[in-house]
2 protein chains.
Amino acid sequence: MEVRVLRLNHRPSRDKRVSTHLLLAARAFGASGAVYTGTLDPSLERSVGEVVENWGGVFPVRYSERWRSEVSEWRSRGRVVHLTMYGIPLQDAISAIRGNPSDKLVVVGGAKVPGEVYGLADWNVAVTSQPHSEVSALAVFLHELFEGRELLREFEGASLRVIPMERGKKMAKH
Amino acid sequence: MEVRVLRLNHRPSRDKRVSTHLLLAARAFGASGAVYTGTLDPSLERSVGEVVENWGGVFPVRYSERWRSEVSEWRSRGRVVHLTMYGIPLQDAISAIRGNPSDKLVVVGGAKVPGEVYGLADWNVAVTSQPHSEVSALAVFLHELFEGRELLREFEGASLRVIPMERGKKMAKH
């Protein structure tokens with residue numbers, strides 16, 4: 001099952017760091033790429049691209065002007081999950097989502113999610129019904145979707161790699 | 001087991017939104033309060049305080065000038081977990097941490113974590129060895145620590161509450 005992330009309504013001035021964290025969390029927890037809407041932001045793409053270059057794997061990030069056509073194109077190849085605190089609790093929704101073998105597009109709101117998104121999603125999922133962060137919501141969702149196997153993933157072609165240690169920092173360079 | 005979060009080196013100009021997301025994720029995933037160091041930021045405290053007022057529960061946030069005394073005071077009542085991509089993988093460390101009944105202080109870096117932190121922590125834990133976000137690292141760590149039970153938590157005295165729905169948004173006000 002392949003998972004892509006659609007980040008809605010990115011605003012470079014306000015969301016730069018949060019969107020960077022979001023896309024890096026998407027990569028680290030097993031998604032294979034992302035699309036963002038809102039305002040084009042080459043520096044966001046560059047930040048993520050630098051991580052991919054150093055830390056390996058493949059994680060394309062693409063800008064789109066139209067979230068609606070992204071969602072409708074995706075619907076011809078897979079299913080759509082929308083993360084929202086108003087949706088069905090993660091613990092109630094996750095087995096149906098896991099059990100469905102289609103590729104998934106995970107839609108993550110920025111400011112002002114259009115009401116239509118709720119109708120177009122196959123699942124509206126609440127990672128807690130509390131306000132917190134799209135970054136934490138996405139990470140915990142992916143961690144549940146992949147049942148922790150994403151933690152074991154290797155990123156091919158990395159030029160930097162951490163050597164885990166009880167105390168201190170150690171990296172290998174290739 | 002009570003869990004508090006220590007956010008290191010908050011810089012209001014740069015970290016405002018990420019630190020807000022971090023503290024809200026701490027609350028949503030079962031921590032019972034937080035301390036931050038770096039620069040005093042009343043607007044950070046206010047943002048979190050407003051969420052607590054509307055969405056319930058108790059989640060004190062306090063500023064401290066000295067991370068070292070926070071850690072050493074904590075060590076007389078509990079244990080210290082430091083989240084860092086250089087540490088021992090979450091999946092290898094989590095059962096020992098869960099199995100230790102002491103209260104936990106979870107230390108989360110901002111920019112430039114002092115090397116001393118690695119030595120003072122009982123566990124240095126890597127939520128993946130990839131760069132992503134302190135927000136996703138903290139959420140997934142707490143979700144593993146509490147084994148998903150934090151998702152079932154009710155927040156007492158909430159004036160707003162989500163009524164989970166398959167499509168759309170519904171809230172109850174008290």
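In this predicted model, helix α6 of chain A (residues 134-145) packs against helix α6 of chain B (residues 134-145) at an angle of about 45°, and the two axes lie 8 Å apart. The crossing of α6(A) and α6(B) is right-handed.

The residues that meet in this pairing can be named on each side. From α6(A) come V135(A), S136(A), A139(A), V140(A) and H143(A), and they meet V135(B), S136(B), A139(B), V140(B) and H143(B) of α6(B). By type, the residues of this contact divide into six nonpolar, four polar and no charged.

Chain B gives 41 residues to it and chain A gives 41 residues. On the side of chain B that touches chain A, the elements that give two or more residues are α1 (12-28), α2 (42-55), β4 (78-89), α4 (90-99), α5 (116-120), β6 (123-126) and α6 of chain B. The largest share of that side, six residues, comes from α1(B). The residues on the side of chain B divide into 22 nonpolar, 14 polar and five charged.

The next topic is the nonpolar interior. In soluble globular proteins, nonpolar side chains tend to be buried together. Here the largest nonpolar core has 110 residues. Those with the most contacts inside this core are V107(A), L138(A) and F141(A), together with V107(B), L138(B) and F141(B). L138(B) shows what such a position touches: apart from neighbours within four places in sequence, L138(B) is in contact with V5(B), L22(B), A25(B), A26(B), L83(B), V106(B) and V108(B).

Two residues of chain A have backbone angles to note. T128(A) has a phi near 70°, a positive value in a residue other than glycine. T128(A) lies in the loop between β6 (123-126) and α6 of chain A. With 26 other C-beta atoms within 10 Å, T128(A) is buried, because the cut-off for a buried residue is 20 or more.

E147(A) is not a glycine either, and has a positive phi of about 55°. E147(A) is found in the loop between α6 and β7 (160-162) of chain A. Is E147(A) buried or exposed? E147(A) is exposed, because 10 other C-beta atoms lie within 10 Å and a residue with 12 or fewer counts as exposed.

How values were computed: Residues are numbered from 1 along each chain as its sequence is written. Chains are lettered from A and ligands numbered from 1 in the order in which they are written. This is a predicted model: local features need pLDDT of at least 70, side-chain atom pairs count only at pLDDT 80 or more; totals for chains, interfaces and linings use all residues. Axes are lines fitted to C-alpha atoms, for helices over the stretch in contact, and angles run from 0 to 180 degrees between N-to-C directions. Helices (H or I, at least four residues) and strands (E, at least two) are DSSP runs, numbered from the N terminus. A crossing is left-handed if the near helix is turned anticlockwise from the far one by less than a right angle, and right-handed if clockwise. Two residues are in contact if their C-beta atoms, placed from the backbone, lie within 7 Å. Ala, Val, Leu, Ile, Met, Phe, Trp, Tyr, Cys and Pro count as nonpolar, Asp, Glu, Lys and Arg as charged, and the others, Gly among them, as polar. A nonpolar core is a set of buried Ala, Val, Leu, Ile, Met, Phe, Trp, Tyr and Cys residues joined through C-beta atoms within 7 Å.
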